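Subject: Structure for you to look through

Dear colleague,

My notes on what was found follow directly after it.

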Amino acid sequence: MRDINAIRDTYRKCFNLPPELVVCSPGRVNLIGEHTDYNEGWVFPAALDLGTLVAARRRDDGVLRSVALRMNDEDSIRLTDLRPREGVAWTRYVRGMAAMLNESGCAIPGADLLIDGDLPLSSGLSSSASLEMGIAVALAALAGCPIERKVLARLGQRAENEIIGVQSGIMDQLAVACGVAGHALLIDCRSLDATSVPIPPEVRILVIDSAVPRTLAGSAYNQRRAECEAALHKLRAAQPDLQALRDVTPELLAAEAQRLDSVELQRARHVVTENERVLASVAALRQGDVARFGQLMIESHASLRDDYAVSGPELDTLAATALETPGVLGARLTGAGFGGCVVALVEAQHAEAAVATIGERYRRLTGRQGAAYICAPSDGAHVVDEAA
Ligand code: GLA
């Protein structure tokens with residue numbers, strides 16, 4: 001992803017001029033804290049060293065032209081006529097972010113954009129948030145608008161909710177916007193405060209793709225959100241000041257369980273216990289107790305499988321396969337679920353061997369070729385190269 005010279009060269013071939021700037025926008029992997037963000041809880045993601053590159057240059061004619069190399073496609077539209085809800089998916093993200101920036105008061109100029117990257121698409125590593133934040137940072141920089149990271153993340157989430165139609169939370173955009181190299185981020189999704197926590201040098205983060213594609217929009221994601229809201233609504237009858245499932249304690253849930261149907265109870269139980277696991281796992285990591293962190297990842301996967309019902313046979317097989325591999329301390333599905341990736345924590349000296357072993361065993365068991373990566377937590381979306 002860091003091959004800035006290559007994207008500059010390609011840009012010149014596409015547009016006959018060099019870019020004014022290049023933005024590097026990472027993907028994200030969530031270590032623990034799944035489906036808690038839209039319940040105003042805690043998450044613990046890291047920005048990846050895989051991501052999206054956006055090379056950009058101003059145009060004077062009010063046209064936004066984008067070339068997406070991996071899609072082998074391009075799009076051209078007047079800024080006065082963005083119509084972000086029309087067109088193929090990738091163009092809706094680009095036009096959507098342009099529309100959101102304009103609406104927020106940042107008057108973006110016309111631009112020629114070249115988009116490339118090395119983040120696997122539709123794998124649960126937030127390729128959409130990576131694209132959103134890459135476009136946002138590039139256009140805001142061309143416009144000379146200093147926009148706070150949290151605000152950019154909110155604009156990305158709004159594009160996702162209002163233009164793409166997925167009621168996703170704020171985790172992906174915040175992780176992509178605020179990542180810190182060598183760290184994961186403990187994010188309070190109520191205040192949006194993010195605290196960076198170093199990843200100890202004795203462990204590595206593995207991301208292993210199940211090769212089962214997932215699309216949030218087509219999945220039961222919005223349905224899970226609605227189930228959480230239904231549970232919250234019923235629990236409010238017992239405690240009217242509850243703002244979100246984040247405010248529900250295990251004791252309250254146990255005392256008021258009879259108010260919920262069995263599905264609502266399962267969904268709420270996942271959220272309540274997952275929030276506790278996030279805080280416990282971060283405390284463990286700060287004390288250097290990586291074994292405890294791994295154990296909590298295993299419990300998180302079980303909860304996502306049994307109570308939240310977002311796993312599947314391949315993700316279960318992949319997580320179990322990882323856990324049988326020497327040096328692996330914990331493994332769980334990461335992201336929304338319904339396919340996508342497993343994240344594993346592994347002792348550093350076993351990381352290379354684990355990548356090979358897990359991939360091979362998973363292929364034998366399922367016939368699927370799951371790519372595996374050792375990830376280095378990286379910085380959030382930023383301008384890497386500005387023409388002198
Ligand atoms: C997707 C959403 C996030 C979050 C996760 C599940 O990645 O975009 O907001 O809800 O699923 O934790």
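A polar contact, as the term is used here, is a pair of N or O atoms within 3.5 Å. Please also keep in mind that this is a predicted model, and that the values below were computed from it.

With that definition in hand, we can turn to the ligand, where an oxygen atom of the ligand lies 2.7 Å from an N or O atom in the side chain of Glu-34.

Where does the ligand sit? It is found in the largest pocket, with 13 residues around it, of which Glu-34, His-35, Asp-37, Asp-172 and Tyr-221 come nearest. Sorted by class, this shell holds 5 nonpolar, 4 polar and 4 charged residues.

The protein chain itself is assigned two parts, domain 1 (4-197 + 378-386) and domain 2 (199-375), and each of them gives at least three residues to the shell around the ligand. The C-alpha centres of domain 1 and domain 2 are 25 Å apart, while the contact between them takes 38 residues from domain 1 and 47 residues from domain 2.

With best wishes

How values were computed
Residues are numbered from 1 along each chain as its sequence is written. This is a predicted model: local features need pLDDT of at least 70, side-chain atom pairs count only at pLDDT 80 or more; totals for chains, interfaces and linings use all residues. Side-chain values use heavy atoms; hydrogens and water are left out. A residue is near a molecule or strand if one of its heavy atoms lies within 4 Å of it. A polar contact is a pair of N or O atoms within 3.5 Å; within protein, one must be able to donate a hydrogen and the other to accept it, and residues adjacent in sequence count only if both atoms are side-chain atoms. On a 1 Å grid over the protein atoms alone, a cavity is a set of points where a 1.4 Å probe fits but cannot get out, and a pocket is an open set with protein on both sides within 12 Å along at least five of seven lines; lining residues have an atom within 4 Å of a point. A molecule sits in a cavity or pocket if more than half of its atoms lie within 2 Å of its grid points. Ala, Val, Leu, Ile, Met, Phe, Trp, Tyr, Cys and Pro count as nonpolar, Asp, Glu, Lys and Arg as charged, and the others, Gly among them, as polar. Domain bounds come from an automatic or database domain assignment. Contact means heavy atoms within 4.5 Å.
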